[in-house]
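Subject: Structure for you to look at

Hello,

Here is the structure I promised to pass on. Please open it first, then read my notes below.

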There are 2 protein chains.
Amino acid sequence: MPKLSEIGEDELVSRLIQTLPNDRTILTGPGDDCAVVQRPNEHLLLKVDAMVEGVHFLRSAAPALIGRKALARAISDVAAMGGAPKYAMVTLVLPSDLEFSFVLQMYKGMVALAEEFGVSIVGGETTRGPCIMISVTVTGEIVRRITRNGAEAGDVLFVTGLLGGSLQGRHLTFQPRVREAQWLVHNLPPTSMMDISDGLAKDLPRLARASGLDFIVQEDYLPCTPGCTAEQAWSDGEDYELLFTVSPSRAPDMLEAWEQMFPDLSVMPIGKLVKQGEGIPPNFARQGWDHFTQKK
Amino acid sequence: MPKLSEIGEDELVSRLIQTLPNDRTILTGPGDDCAVVQRPNEHLLLKVDAMVEGVHFLRSAAPALIGRKALARAISDVAAMGGAPKYAMVTLVLPSDLEFSFVLQMYKGMVALAEEFGVSIVGGETTRGPCIMISVTVTGEIVRRITRNGAEAGDVLFVTGLLGGSLQGRHLTFQPRVREAQWLVHNLPPTSMMDISDGLAKDLPRLARASGLDFIVQEDYLPCTPGCTAEQAWSDGEDYELLFTVSPSRAPDMLEAWEQMFPDLSVMPIGKLVKQGEGIPPNFARQGWDHFTQKK
């Protein structure tokens with residue numbers, strides 16, 4: 001059997017998921033941004049996300065921003081399902097020689113973001129380990145669930161904000177698009193949606209694959225961060241912007257309403273999803289970030 | 001400010017909790033075995049627990065048992081609130097040089113235990129890191145919530161099973177006491193309950209403190225694992241047995257009914273909780289396991 005560095009994250013996850021039994025109360029299982037389960041009188045969103053020192057952040061970063069990022073990533077996934085985040089739990093693995101003040105600051109950054117988004121931290125776990133690791137669980141509420149797999153051929157692809165160059169700082173300070181996603185859900189809804197965490201080059205194929213479609217992107221339309229190339233917009237990752245599809249008949253009205261509602265955040269039609277064989281297939285080899293191979 | 005190795009886990013957690021705002025939908029917040037939140041038509045249990053290679057297990061252990069233990073610990077906490085576990089999410093931090101087969105086996109152990117307890121694994125997160133870390137989130141359902149803080153002076157202290165010597169193997173194969181805890185809830189309920197994870201010496205003071213009481217233990221009554229001393233029963237930890245209190249008027253009937261219901265699992269009255277000043281105070285210095293000071 002191969003080592004993890006030889007098989008990559010998508011293959012690992014897909015193999016692990018195959019071993020899981022079904023349960024009819026699971027409305028959306030592993031593989032989307034969040035799980036959705038049927039509870040008495042509600043659909044409950046469940047999400048877990050993790051960050052590891054040296055992989056997702058360096059100890060030289062401001063501790064408050066490290067804590068903030070850990071929660072922001074999970075909130076971004078709840079947003080990507082059209083949900084509102086509600087409760088959080090935090091696992092902290094911490095080296096024994098870490099300063100107490102570092103942990104307090106990390107927590108402070110997390111609590112401040114939690115308050116901003118109406119999230120309550122209800123529990124957690126702390127334990128010793130060789131480096132800092134933060135795993136965050138978030139539950140969320142949804143009125144209408146937006147998954148990755150509802151798109152049809154012809155649907156227009158949109159991204160919010162700017163892509164590329166996140167590692168220069170935005171990866172620590174990005175704003176989860178909860179308000180924008182909820183607006184989309186109430187006003188459209190989108191036919192599919194996710195957040196861009198591993199880079200458009202990895203995440204767009206995932207979105208297309210979920211609906212069994214190919215994609216076409218007009219590279220000139222990619223909203224590149226000033227100073228970034230199209231290559232960086234494709235591959236850098238950690239953008240945490242929304243990637244979503246809208247039926248072509250509704251796209252123009254959506255664009256117009258968006259500009260009025262969110263004048264400070266762009267939304268860009270970057271291409272469309274098309275039938276298999278009519279565009280770039282989801283096994284597209286443009287580079288993106290893979291956690292295990294450490295390759296772009 | 002001190003380093004984590006100087007302040008210990010309870011102090012760290014208590015300082016972090018102080019920074020959290022309140023929310024009236026949080027019925028039980030940080031500090032108990034699980035959080036309990038009010039949802040439409042139900043009380044939802046939320047729990048997160050983590051294991052780190054070199055701290056909670058060695059890589060030489062059977063991978064299936066490592067995975068099993070990670071989930072079993074979280075299920076044990078749900079049991080300790082009187083709940084039934086329902087959904088799980090799993091964060092895996094994995095070194096790139098780990099064999100794929102190791103991960104598959106780890107997952108297999110987890111999935112087998114999940115099926116045994118009616119738990120569905122609905123999501124997860126995988127990322128690279130310097131050693132294996134597993135963080136497990138479990139949600140649970142409760143009919144009646146049993147917290148740590150409902151005991152009164154005079155209540156009898158009980159423990160299930162045997163204490164001490166868990167590191168010789170039981171820490172990997174223990175059975176979470178879900179069925180037993182649910183039976184207690186339906187037939188009594190206990191006035192307070194928790195599971196013993198850091199050792200009676202650390203966990204009993206926590207239970208007493210939650211109800212503002214002292215405790216008295218008859219050391220002769222400690223149910224020591226054969227070959228273990230009372231000292232080991234106090235301090236070894238990782239027992240994952242139930243520690244609970246019952247009002248003295250109901251204790252005899254409970255004992256009799258327990259023996260009929262669970263002939264293969266002992267339950268032992270080890271002492272009682274008493275008013276402050278009348279027993280051993282919760283700041284009792286007998287040794288238990290602390291994750292950060294690495295001291296017993």
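This is a predicted model: local features need pLDDT of at least 70, side-chain atom pairs count only at pLDDT 80 or more; totals for chains, interfaces and linings use all residues.

By what turn, and with what shift along the axis, can chain A be laid on chain B? The turn is 180 degrees, and the shift is 0.0 Å.

**Where the chains meet**

On chain A, 67 residues are in contact with 67 residues of chain B. Several elements of chain A give two or more residues to this side. Among them are the helices α1 (4–7), α2 (9–18) and α4 (100–116). The strands β2 (35–39), β3 (42–52), β4 (84–94), β5 (120–128) and β6 (133–141) are also on that list. Which element gives the largest share? It is β5(A), with nine residues. By class, the side of chain A that touches chain B has 36 nonpolar, 17 polar and 14 charged residues.

**Two domains in chain A**

Chain A is divided into domain 1 (4–141) and domain 2 (156–274). Their C-alpha centres lie 22 Å apart. How many residues does each domain bring to the contact? Domain 1 of chain A brings 15, and domain 2 of chain A brings 17. On the domain 1 side, α3 (63–80) and β4 of chain A each give two or more residues. The largest share of that side, nine residues, comes from α3(A). By class, the domain 1 side has nine nonpolar, two polar and four charged residues.

**Strands in chain A**

Start with β3(A). Is this strand mostly covered or mostly uncovered? It is mostly covered: nine of its eleven residues are buried. β3(A) pairs with β2(A) in the antiparallel sense, over five bridges. In that pairing, A:A35 stands opposite A:L46 of β3(A). β2(A) and β3(A) form a hairpin, with two residues between them. Look at A:N41 in the turn: it has a positive phi of about 65 degrees. β3(A) is also joined to β6(A), by nine bridges, and these two strands run antiparallel. There, A:L44 has A:E141 in β6(A) as its bridge partner.

**The sheet in chain B**

Now turn to chain B. It has an open sheet of six strands, in the order β1-β2-β3-β6-β4-β5, with mixed pairing. B:L44 has B:E141 in β6(B) as its bridge partner.

Finally, find A:A114 in helix α4 of chain A. Is this residue buried or exposed? A:A114 counts as buried because it has 25 C-beta neighbours inside 10 Å. Leaving out residues up to four places away in sequence, A:A114 touches A:L71, A:A88, A:V119, A:S120 and A:I121. Take A:A88 from that list. A:A88 and A:A114 are 26 residues apart along the chain, yet their C-alpha atoms are separated by 8.3 Å.

Best wishes

Note on methods:
Residues are numbered from 1 along each chain as its sequence is written. Chains are lettered from A and ligands numbered from 1 in the order in which they are written. Copies are superposed by least squares on the C-alpha atoms of residues with pLDDT of at least 70 in both. Two residues are in contact if their C-beta atoms, placed from the backbone, lie within 7 Å. Helices (H or I, at least four residues) and strands (E, at least two) are DSSP runs, numbered from the N terminus. Ala, Val, Leu, Ile, Met, Phe, Trp, Tyr, Cys and Pro count as nonpolar, Asp, Glu, Lys and Arg as charged, and the others, Gly among them, as polar. A residue is buried if 20 or more other C-beta atoms lie within 10 Å of its own, exposed if 12 or fewer, and partly exposed in between; C-beta atoms are placed from the backbone. Domain bounds come from an automatic or database domain assignment. Two strands pair if DSSP finds at least two bridges between them.
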